[in-house]
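This briefing goes through one protein chain by topic. Please keep the sequence and the model at hand while reading.

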Amino acid sequence: MKIEEVIKSNVALKDTKKVILNILYTQNVINDKFNEILKPYDLSGEQYNVLRILRGQKGNPANMCIIQERMLAKNSNTTRLIDKLLLKNLVTREVCPDNRRKIEVLITPKGLDVLTELDPKVDEHEQLFADNLTDEELQNLNTLLEKYRKLN
């Protein structure tokens, strides 16, 4: 469906505006489907992102700065996200023995189990959208999006 139909616009839109609207609308469609997957686990997309970052540490702790710089949403409140994951016993938080001002966060076995359970569902979610494009189109889309968001 064309973006003009989605927003029910009778006015001709400039391509520059259509691109932004298409990206925002597509993001919402993807997020809505993704949130359906996470809902039974009582996780937000940002909490899931933190868990993935911590799993990527392969058993090594991550401090708040590492987590924040790897987040997809750079304006996330990392401390609040960690607090919520702590309450769910998906992460642990310790004061660094070498630097008392530094907080180290580790994913728990329960957190790893949740991710293991989610992995095939997330893969299926990604494939659902990817099935609409050829491999070459996927590569082109990635290239174009990377190029589009580059600010001069």
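The model is predicted. The chain holds 7 helices and 3 strands. About 1800 Å³ of space lies in its largest pocket, and the count of salt bridges comes to 4.

**Overall form**

- In sequence order, the elements of the chain give the pattern α-α-α-β-α-α-β-β-α-α.
- The radius of gyration of the chain is 19 Å, whereas a compact globule of 152 residues would have one near 15 Å.
- Taken along the principal axes, the box filled by the C-alpha atoms is roughly 60 × 35 × 30 Å.
- Buried residues make up 26% of the 152 residues in the chain.
- Among contacts with a separation of 6 or more, 49% are between residues 24 or more positions apart.

**Largest pocket**

- The volume of the largest pocket is about 1800 Å³.
- Its lining has 34 residues, of which Gln27, Ile30, Asn31, Leu72 and Leu145 are the closest to the centre.
- Two or more lining residues come from each of helix 2 (15–38), helix 3 (45–55), helix 6 (109–130) and helix 7 (135–148).
- Helix 2 provides the largest share of this lining, with 8 residues.
- Sorted by class, the lining of the largest pocket consists of 19 nonpolar, 8 polar and 7 charged residues.

**Second largest pocket**

- The second largest pocket has a volume of about 230 Å³.
- Its lining is made up of Met1, Lys2, Ile3, Glu4, Val6, Lys18, Asn22, Tyr25, Thr26, Val29, Ile30 and Phe129.
- Helix 1 (3–6) and helix 2 are the elements that give two or more residues to this lining.
- Helix 2 gives the most to the lining of the second largest pocket, namely 6 residues.
- By class, this lining has 7 nonpolar, 2 polar and 3 charged residues.
- Ile30 is named in the lining of the second largest pocket, and Ile30 is also one of the residues closest to the centre of the largest pocket.

**Salt bridges**

- Side chains of opposite charge can pair when their charged atoms come close.
- The chain has 4 salt bridges by the rule used, among them the pairs Glu4 with Lys18, Arg55 with Asp119 and Arg93 with Asp83.
- Between the side chains of Glu4 and Lys18, the N to O distance is 3.1 Å.
- Because Glu4 belongs to helix 1 and Lys18 to helix 2, this pair ties together parts that are 14 residues apart in sequence.
- Glu4 is buried because its relative accessible area of 18% is under 20%, whereas Lys18, at 23%, counts as partly exposed.
- Glu4 and Lys18 are both listed in the lining of the second largest pocket.
- The side chains of Arg55 and Asp119 meet with an N to O distance of 2.8 Å.
- This pair links distant parts of the chain, as Arg55 is in helix 3 and Asp119 is in helix 6, 64 residues apart.
- Arg55 is partly exposed at a relative accessible area of 25%, and Asp119 is partly exposed at 22%.
- In the salt bridge of Arg93 and Asp83, N and O are 2.5 Å apart.
- Arg93 is in strand 2 (residues 91–95) and Asp83 is in helix 5 (residues 78–87), so the pair ties together parts 10 residues apart in sequence.
- Arg93 has a relative accessibility of 34% and counts as partly exposed; Asp83, with a relative accessible area of 31%, is partly exposed.

**Loop residues**

- Thr108 sits in the loop between strand 3 (103–107) and helix 6.
- With a relative accessible area of 10%, Thr108 falls under the 20% limit and is therefore buried.
- Apart from neighbours within four places in sequence, Thr108 is in contact with Asn89, Leu90, Val91 and Thr92.
- Gly56 is found in the loop between helix 3 and strand 1 (62–63).
- The relative accessible area of Gly56 is 47%, so Gly56 counts as partly exposed.
- Gly56 and Ile107 are separated by 51 residues in sequence, and their C-alpha atoms are 9.8 Å apart in space.

Notes
Residues numbered from 1 in each chain as written. Predicted model: local features only at pLDDT ≥ 70, side-chain atom pairs only at ≥ 80, totals over all residues. Heavy atoms only, no water. 1 Å grid on protein atoms, 1.4 Å probe; cavity = no way out; pocket = protein on both sides within 12 Å on 5 of 7 lines; lining within 4 Å. Points joined across faces, edges and corners; volume = space filled by probe spheres on them. Helix = DSSP H or I, 4+ residues; strand = E, 2+ residues; numbered from the N terminus. Nonpolar A, V, L, I, M, F, W, Y, C, P; charged D, E, K, R; others polar. Buried < 20%, exposed > 50% of the residue type's maximum accessible area, 1.4 Å probe, protein only. Contact = heavy atoms within 4.5 Å. Rg over C-alpha atoms; globule rule 2.2 N^0.38 Å.
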